[in-house]
Amino acid sequence: MQNIITYKKIGHIALVTINNPPVNAMDFKTRLALSDAIDQLNSDNKIKAAVLICEGRTFIAGADISEFDNLPFKDPWLPDVVQKIEDANKPVIAAIHGSALGGGLEIAMGCHFRCAVPSAKLGLPEVTLGLLPGATGTQRLPRLIGVDKALDMMLTGKPINAKQAIEEGLIDKIIEDELQEGAIAFAKEILEKQIPIRRLSKTKIDKTNVTTELFEKYRQRNNKTACGFFAPEKIIQCVEAAVDLPYPESLQVEDNLFMECLNSDHSRGQRHLFFAEREIARIPDVPKDTAIRNINRVAIIGAGTMGGGIAMNFLQANIPVTLLEIDQEGLQRGIDIIRSNYAGQVKKGRMEQTHMDQYMELLSGSTAFDNISDVDLVIEAVFENMEIKKEVFKKLDQVCKPGAILASNTSTLDLDVIANYTKRPEDVIGLHFFAPANIMPLLEIVRGKKTTKDVIATAFKLSRSIRKVGVLAGVCFGFIGNRMFLPYVREAELMMLEGVSAERIDRVACNWGMAMGPHAVTDLSGQDVFFKIVDGWKDHPDDPAFFRVCKALFELERYGQKTSKGKYIYEGRKAISDPKVANIAQQEAEKLGIEQREISDDEIIKRLLCAMINEGALILEEGIAIRSGDIDVIYANGYGLPRYRGGPMFYADLIGLKQVYDDINEFRDRYGNRYWTPAPLLEQLAKQGKTFSEWSQHK
Ligand code: 3HC
Ligand code: NAI
C-alpha cells in the first residue's frame, strides 16, 4: 500500500504530498501522518520551506464525514493539525488543485501561503452538512478575507474559483502551469524575497465596517433563505466571538458550537443525505462498468407543460432536441413558451443572450414522427391517457432506429403496459420529471420489468449530464414519490372533514419544516389534477371520504391557483384563507356522518408523517425503492422536505420505528384499519429495534 503522506526533499524545499483517495479527506490516519510530517519538517535543518500538495483529482475535500458518527475524534483532531502547520518554524505553502473544501481549506489557511491552479475551487461547505467550519475556519477566514465576505462564504457554503479567491485575498498566487513546479518556484520566491510568514491566528481582524447591523443583515438573510436550519446562526455567533474575544477564547466558542452542531439531529439528517445522494446510482445488479448508449439527439413528444420544461434541460446540456406536437399551432405555442422562458432569464440577468441563442439553435420542431427516426432518445410527455400513449408508442416503435431509448414521463400509468405496445420493451424506461421540469432537480428513473441494464445505466449517466438527481423506482401507481405523497394528502383531506382548517394543517406542516403545506401544494398542482389522478386510479380505496374535499372543490371549479380559488383564495400568488372552504368541508362531513372534533398539532403532524412513512415501508419491502436513503433523496429533492430532516425514512429511524409503529396502532384503534395497518416491514423492524437504514444496508 502506498504511504498516505510522502516527504520528499527537492533542494531546500520539502514536498509533503497527501495521497488518500478518492478525495484526500482528513481521516484519522491522514491527520496523524500529516502531523508527523510537520514534526519532520520542523527538525529538518536543511529544509527552508515546504509545499503541501495532494495526489489524485483534488486537494483535501474536508474532514472525513464518515467519522462524524464515531465520537470522540481520535487525536490529533483537525484544529490541532491546522495549528501545528501554522506553528511550523519555516514557511508552508498550500498548492491547491481540484477542490479545497471544509477542513481542506482550513488546512490551507493554517499554511502561511496559498497558491492554486486556475480551475481550483475553494469553499467552506460545512453549512450544507448542518455544521460550521470547526477546524478554526470561522476564526481564520474573517482574518484573511474580512468579516463580511467570510460570513457570505460560510453561510452560503458555495465555493469560489481561483480568480475570485485571489481577488478576495484567499490565495496569494495562481499557478498557470504545472502546479508542483509552480508551487516550488513560489516557495523559492518567498525565501529569496524574505516575504514574512503570516500566521492567521496572530493576525488582527479588520473591524472597519463591522457593526451589529452587519450581523443583523446576515441574520435576516438566514431567516429568508435558511429558516429552521440550526447551523447558520451558530456560524454568525462564531464570527461575533472572533470579533469580540481574544483568539483562544473565541476558538473555544467555535469548538463548543461545532460540537453542538455535530450532535444535532439537523446535521445527522444532512450528513445522511450527503451519503444517500452519492449512493443512489449504485444499482445492485447493474455493474458500474455497464456499457452505456450514446445520447446525441433527443426527441420529445408533446410540447405542453412538461415537454417544454424537459426540452430545456437537454438544450442547456448542449444536446439537440426535436419537439413533436399534434399540429403546427401546438408546436409553435410550445416553442414560444421555451423562448419566452429563456428571454425572461436573460432579462433578469440570469442568462447570457448568447447562451439563449445557442439553446434556441439546438431546438427544432416537427409534427411528423418520420422526422425523429434518427434520435437516440425519445421522451413521451403527451396527455396522461393510456389510449393516447399506446398510439404514440406504437408509432415510435415503427419509426425509431434500433437501439433508441423510448422513455415515458407518465406519472401514474403502468410502464410495463406501455412498454408492451412496442416490440422492444427492453428499450423502454420511465423518466419521470417533476414540474417545473427545467427547475426541479428530481428525476425518477422507472425500471420496467424488461428494461435492460444498459438502458438504466444510460439513464443515470444522462441524469448527471442534465444536472438531475436520478433515483431508481419500480413500477407501481405513483412510483415512489407520488405514491407516498397521496396518503399524506389523504390525511390532510380527512382532517379537514374532521374540522381542522386547511391553513392550520398547512401551518403545522410548515412549522415542521415543509416548504409548503399539503393543501397549498394541491392548489398549486390543481385540485382538478389531483381529482383526476385519484379518480382514475383503478385501485383507489372504496371510501366515500377519500379526497372528498378535493372532489367538492373540483365540482365547484375551484381548481386552485389557476382559477384563483381552491382551498385558498389567491391574490396573485398570495394565498388568503377562505371560510367557505371550511363550510364545504363541514357540509361534506355531515353527508358522510363524520364527527368534527378537536385535533392537536401533535396529531396533525403525526398523521401526515406516519401515513407517508407507512407507505414508504411498503414501497421498500415490495422492492419499488432499493434503499430507504433513495426515498429520502426523492423527498429532499422533489417534495420540499427540509434537508435537515434527512427525509421521511431517516426521520422515522431517528424518532424510532417503535414510536412510529405505536402511533400507527393508535390511529388504527381510533380510525380503523383501512389506512392504518402497519406495514409488515415496519412492524418487523420496530419489534427488532432496527432502522430502515440498517435493513437497507443488510437486506
Ligand atoms: N468525507 C468522506 N467522504 C467523502 C468526502 C468527505 N469529506 N467527500 C467526498 N467523499 C466521498 C464520497 O462519499 C464518494 O464516496 P463513494 O465513491 O464511496 O460514493 C467519494 O468521496 C467521491 O465523492 P463525489 O462522488 O462527491 O465526487 P465528486 O468528484 O463528484 O466531488 C467533491 C468531489 C467536490 C470533493 C465532493 O465530494 C464534495 O463536495 N465533498 C464534500 C466536501 C465537504 O463537504 N467538505 C466538508 C466536510 S466537513 C468538514 O470539513 C468539517 C471541518 O470543518 C471540521
Ligand atoms: P399537457 O396537457 O400540458 O401537455 C401535453 C401535450 O401533449 C399537449 O401539448 C398536447 O397537444 C400534446 N399531445 C397530445 N397527444 C399528442 C400526440 N399524439 N402527439 C404529439 N403531441 C401530443 O400535459 P403535461 O402536464 O405536460 O403532462 C404530460 C405528461 O407528463 C403526462 O403523462 C403527465 O402525467 C406527466 N407529468 C405531468 C406533471 C405535471 O405536473 N404537469 C408532472 C410529472 C409528469
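The shell around ligand 1 has 16 nonpolar, four polar and six charged residues. Here Ala, Val, Leu, Ile, Met, Phe, Trp, Tyr, Cys and Pro count as nonpolar, Asp, Glu, Lys and Arg as charged, and the others, Gly among them, as polar. This is a predicted model: local features need pLDDT of at least 70 and side-chain atom pairs pLDDT 80 or more, while totals for chains, interfaces and linings use all residues. Residues are numbered from 1 along each chain as its sequence is written, chains are lettered from A and ligands numbered from 1 in the order in which they are written, and side-chain values use heavy atoms, without hydrogens or water.

**Ligand 1**
- 26 residues surround ligand 1, each with a heavy atom within 4 Å of it.
- The closest are Arg 57, Glu 106, Glu 126, Arg 278 and Arg 282.
- Polar contacts (pairs of N or O atoms within 3.5 Å) include an oxygen atom of ligand 1 at 2.7 Å from a side-chain N or O atom of Arg 282.
- A nitrogen atom of ligand 1 lies 2.9 Å from a backbone N or O atom of Ala 61.
- A polar backbone atom of Ile 65 is 2.9 Å from a nitrogen atom of ligand 1.
- Ligand 1 has 980 Å² of accessible area on its own, and the protein covers 73% of that (Shrake-Rupley method, 1.4 Å probe).
- Helix H11 (265–279) and helix H3 (103–110) each supply at least two shell residues; helices are DSSP runs of H or I with at least four residues, strands runs of E with at least two, numbered from the N terminus.
- H11 gives the largest share, three residues.

**Ligand 2**
- 21 residues surround ligand 2, the closest being Met 306, Glu 325, Glu 384, Lys 389 and Ser 411.
- An oxygen atom of ligand 2 is 2.5 Å from a side-chain N or O atom of Glu 325.
- For the side chain of Lys 389, the corresponding distance to a ligand 2 oxygen atom is 2.6 Å.
- Ligand 2 exposes 830 Å² when taken alone, of which the protein buries 77%.
- H15 contributes the largest share of the shell, three residues.
- By class, this shell has 11 nonpolar, seven polar and three charged residues.

**Nonpolar cores**
- The largest nonpolar core has 107 residues, and Leu 396 and Phe 692 touch the most other members.
- A core joins buried Ala, Val, Leu, Ile, Met, Phe, Trp, Tyr and Cys residues through side-chain atoms within 4.5 Å; buried means under 20% relative accessible area (1.4 Å probe, protein chains only).
- Helix H24 (residues 601–621) gives this core its largest share, 11 residues.
- A second, separate core of 93 residues includes Ile 60, Ala 95, Leu 131 and Leu 132.

Note on methods:
Buried < 20%, exposed > 50% of the residue type's maximum accessible area, 1.4 Å probe, protein only. Polar contact = N/O pair within 3.5 Å; in protein donor to acceptor, adjacent residues only side chain to side chain.
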